[in-house]
Amino acid sequence: MIPVPVSEISHLGRLEADVDEITGVEIDSRRVGPGDLFVAVRGGIDFVADARSRGAATLVPDDDFAAMAVLGRAVRDRSEAEVVGITGSTGKTSTKDILAALCRPHRRTIAAEASYNAELGVPLTLCRLEPETELVIAELAMRGFGQIAALCAIARPTLGVITTIGPVHLEFVESVEGVARAKAELLESLPRGAKAVVPAAVPELEPHLRADVDVIRVGEDARLTSFRDGRLEAQLGDEAIELELPFRARHQGENALTAAAAYWALGLPLDRMQEGAAEIEFSRLRGEELPLEGGGVLINDCWNANPTSMAAALRDLAERNGGRRIAVLGGMAELGPDGPRYHREIGALTTDLDVVVGVGQLARDYGPTHWVTDADQAATLLSELLEPGDVVLVKGSRAVGLERVAQNLVP
């Protein structure tokens with residue numbers, strides 16, 4: 001991390017430090033060492049002694065989020081790196097993972113770990129900046145208005161990427177128009193003359209596009225011409241590109257197109273994009289494919305779910321060859337009064353599948369072939385149902401805890 005003087009953070013809470021500057025920031029005491037600062041957020045005060053025993057400075061903040069914001073901003077202010085801010089209703093973590101892999105052969109790049117995308121995660125990403133870092137890829141999440149604006153005030157993105165606009169967090173923003181307005185806070189934060197990558201043909205987003213920002217529309221300026229068996233062919237402006245990618249799901253191919261458009265916007269060499277493509281690794285629980293005994297496949301996509309991502313995952317499952325196609329589906333949270341309708345619409349996409357296991361009360365509206373109350377029951381049921389060669393999708397909102405189903409299948 002770019003060093004920050006201890007004197008700049010002494011006002012943030014109860015600070016214990018034996019050094020003049022800090023060279024790392026963590027909120028997990030198991031990850032600290034000499035020179036690091038352990039910030040005791042969310043009950044972390046119980047681990048201050050552990051962090052001190054490992055040689056770290058410690059901070060018990062007066063305000064968790066405010067302290068992390070100050071730390072992230074202090075490091076960001078000392079860096080000349082470009083910052084890509086990625087948000088969207090679906091695909092932001094996968095797009096971040098793809099873009100980071102594509103960029104690393106050409107720029108000294110850091111990217112958010114997993115889904116470090118909110119008030120704690122974004123500052124933690126910025127606190128990994130080194131003096132030689134040239135590019136930061138930050139993921140920005142929201143559950144209401146003003147949250148992306150607050151994150152952008154810390155990260156100060158120089159390129160904005162919006163992956164998709166769809167029905168998410170409707171309990172807090174009420175409508176898809178509200179989603180677009182909340183996500184567009186990223187566009188509002190960009191400096192004059194910056195570039196933004198956005199989805200084409202999204203009328204809710206159009207009123208928020210700025211005349212002084214160069215907009216690249218995915219679906220128009222960047223177009224997918226073919227995606228089959230991991231081979232992507234696309235048009236970026238007047239340039240044709242071809243990539244061999246280590247995944248086959250159509251929706252991940254669309255995420256790759258968005259990442260390619262961002263790579264293009266950064267001015268990186270199109271003829272060398274393949275150099276990083278083979279190194280793409282998705283964050284855990286986001287479409288990772290794992291072998292099952294008997295030649296089957298587990299598609300572990302249980303990090304989260306909304307109508308757009310659920311529909312994409314089910315379309316991919318329906319196109320799979322092999323044994324039976326089984327979907328284990330948790331409910332989709334935070335959809336507001338229209339939640340039952342969205343669940344019924346997703347249920348209509350499952351009619352060609354062999355087995356559909358609904359998990360939790362919300363999942364009743366899928367009209368599943370089997371229904372259970374929780375993830376533990378789903379794990380037990382699936383163990384009884386599974387046959388050699390089955391292709392199993394596990395997907396649902398995070399609160400359902402469907403990772404327990406996957407863990408039971410692949411220890």
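The legends below describe close-up views of a predicted model. Local features are given where pLDDT is at least 70, side-chain atom pairs count only at pLDDT 80 or more, and totals for chains, interfaces and linings use all residues. Residues are numbered from 1 along each chain as its sequence is written, and side-chain values use heavy atoms, with hydrogens and water left out.

**View 1. The crossing of helices α2 and α5.** Helix α2 spans residues 64–76 and helix α5 spans residues 147–155; helices (H or I, at least four residues) and strands (E, at least two) are DSSP runs, numbered from the N terminus. The axes of α2 and α5 come within 8 Å and cross at roughly 40°. An axis is a line fitted to C-alpha atoms, for helices over the stretch in contact, and angles run from 0 to 180 degrees between N-to-C directions. The two helices are therefore oblique to each other (under 35 degrees is roughly parallel, over 145 roughly antiparallel, 65 to 115 roughly perpendicular, and the rest oblique). A69, G72, R73 and R76 of α2 meet A153, I154 and A155 of α5, where contact means heavy atoms within 4.5 Å. These residues divide into 4 nonpolar, 1 polar and 2 charged. Ala, Val, Leu, Ile, Met, Phe, Trp, Tyr, Cys and Pro count as nonpolar, Asp, Glu, Lys and Arg as charged, and the others, Gly among them, as polar.

**View 2. Two residues with positive phi.** Most residues other than glycine have a negative phi. R156, in the loop between α5 and β10, has a positive phi near 45°. With a relative accessibility of 37%, R156 counts as partly exposed (buried means under 20% relative accessible area, exposed over 50%, partly exposed in between, with a 1.4 Å probe and protein chains only). H169, in the loop between β10 and α6, is not a glycine either and has a positive phi of about 55°.

View 3. E26 belongs to strand β4, residues 24–26, and counts as buried at 18% relative accessibility. Apart from residues up to four places away in sequence, E26 touches R31, V32, L37, F38, V39 and L124. I110 belongs to strand β8, residues 109–111, and is buried with a relative accessible area of 10%. The C-alpha atoms of I110 and I137 are separated by 6.4 Å, although these residues are 27 places apart along the chain. Setting aside residues up to four places away in sequence, I110 touches I137 and also T125, R128, L129, T133, L135 and V136.

View 4. I45 lies in the loop between β5 and α1 and is partly exposed at 44% relative accessibility. V60 is 15 residues from I45 along the chain, with 6.6 Å between their C-alpha atoms. Residues up to four places away in sequence aside, I45 touches V60, R14 and A40. E239, in strand β15 (residues 239–244), is partly exposed at 46% relative accessibility. Leaving out neighbours within four places in sequence, E239 is in contact with A234 and L270. The C-alpha atoms of E239 and D271, 32 residues apart along the chain, are separated by 9.6 Å.
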